Amino acid sequence: MFVIIGWLVALGCIFGVFIAHGGNISVVLHALPFEMITIMGAAIGAMIANNQPKVLKATMKGFGACFKGSKYTKARYMELMALLYEILQKARKEGLMSIEKDVEDPHSSAIFSKYAVVGNDHHVMEFITDYLRMMVSGNLNSHEIESLMDSEIDTHHHEAHAAVGAIQRLAGGLPAFGIVAAVLGVVNTMGSVGQPPAVLGGMIGSALVGTFLGILLAYGIFEPLGGLLEQKVDEGSKELQCIKTTLLASMQGYAPQVAVEFGRKVLYSTERPTFAELEGHVKGKK
């Protein structure tokens, strides 16, 4: 919703001021379809040539994510930490082997099934169960598991960031393709030098629309989308860091109540629940 609002404000101010100053919007509208096909066609072609299929697929998915609200809310984090608290509490009271069945088949687990929001996120569930499984096996110490977690989070971040890079490169190329379209327009104009000045003026104006459109698409449309998607990628990494911090604190001997507090402190302040909010949510889930 905010993406649409931002675009409307930007386009409204640009074209509104242009019209208010006596600009002939019909010249822009006449050239717009042809310039748009030239610029966007060239940019999309270059984007396809510049990225692997998996990156293109992730980029299309990323465009869709930009128009959705963030799933990383305070309610989601409270559910995540309540899940971690309950599974760690069971392991502390009954021993690590008591959670083996929960970890091996989380969909049939009485604990995991209580937390549907987090449970439906395949990547998060895989991250949690993989490292709980390592904790149960007892073959790795906390430093070794921390190193593995850091590597996986780093891989996840770079993989998700590939779509951000693709959008940013698309935005970076659009002004250049706008110039290409403008040059072609000038070439076309030079071939019509015998036309009346009014006709030549219109042709030159149409050519300049290419430069204008390339810059507008780059910095008014696609660059903001790249920045927004980058913020969403960072939120996904922050959730994994919360899980990492909580599990490592548990491995180092801290009680579940303290371990989830470690994880809570990692979260961004805008979504971080207070100690009292988290405590009340955990007690309500028992």
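Visitor: Is Phe-2 buried or exposed?
Guide: Buried means under 20% relative accessible area, exposed over 50%, and partly exposed in between (1.4 Å probe, protein chains only). Phe-2 has a relative accessible area of 73%, so the class is exposed.

Visitor: What kind of model is this?
Guide: Residues are numbered from 1 along each chain as its sequence is written, and side-chain values use heavy atoms, with hydrogens and water left out. Local features need pLDDT of at least 70, side-chain atom pairs count only at pLDDT 80 or more, and totals for chains, interfaces and linings use all residues, for this is a predicted model.

Visitor: In which helix is Phe-2?
Guide: Helices are DSSP runs (H or I, at least four residues), numbered from the N terminus. Residues 2–20 make up the one that holds Phe-2: helix H1.

Visitor: How far apart are the ring centres of Phe-63 and Phe-222?
Guide: Rings of Phe, Tyr and Trp (its six-membered ring) pair if their centres lie within 6.5 Å; planes under 30 degrees apart are stacked, over 60 edge-to-face, the rest tilted. That rule gives six aromatic pairs. Phe-63 and Phe-222 form an edge-to-face pair, with 70 degrees between the planes and a centre-to-centre distance of 6.1 Å.

Visitor: How many residues separate Phe-63 and Phe-222?
Guide: Phe-63 is buried at 15% relative accessible area, and Phe-222 is buried at 11%. Phe-63 lies in helix H3 and Phe-222 in helix H9, so by the DSSP numbering the pair links distant parts of the chain. The separation is 159 residues.

Visitor: Which residue forms a salt bridge with Lys-74?
Guide: A salt bridge is a side-chain nitrogen of Lys or Arg within 4 Å of a carboxyl oxygen of Asp or Glu. For Lys-74, the closest N and O atoms are 3.4 Å apart. The partner lies in helix H11, 203 residues away. At 32% relative accessibility it counts as partly exposed: Glu-277.

Conventions. Helix = DSSP H or I, 4+ residues; strand = E, 2+ residues; numbered from the N terminus.
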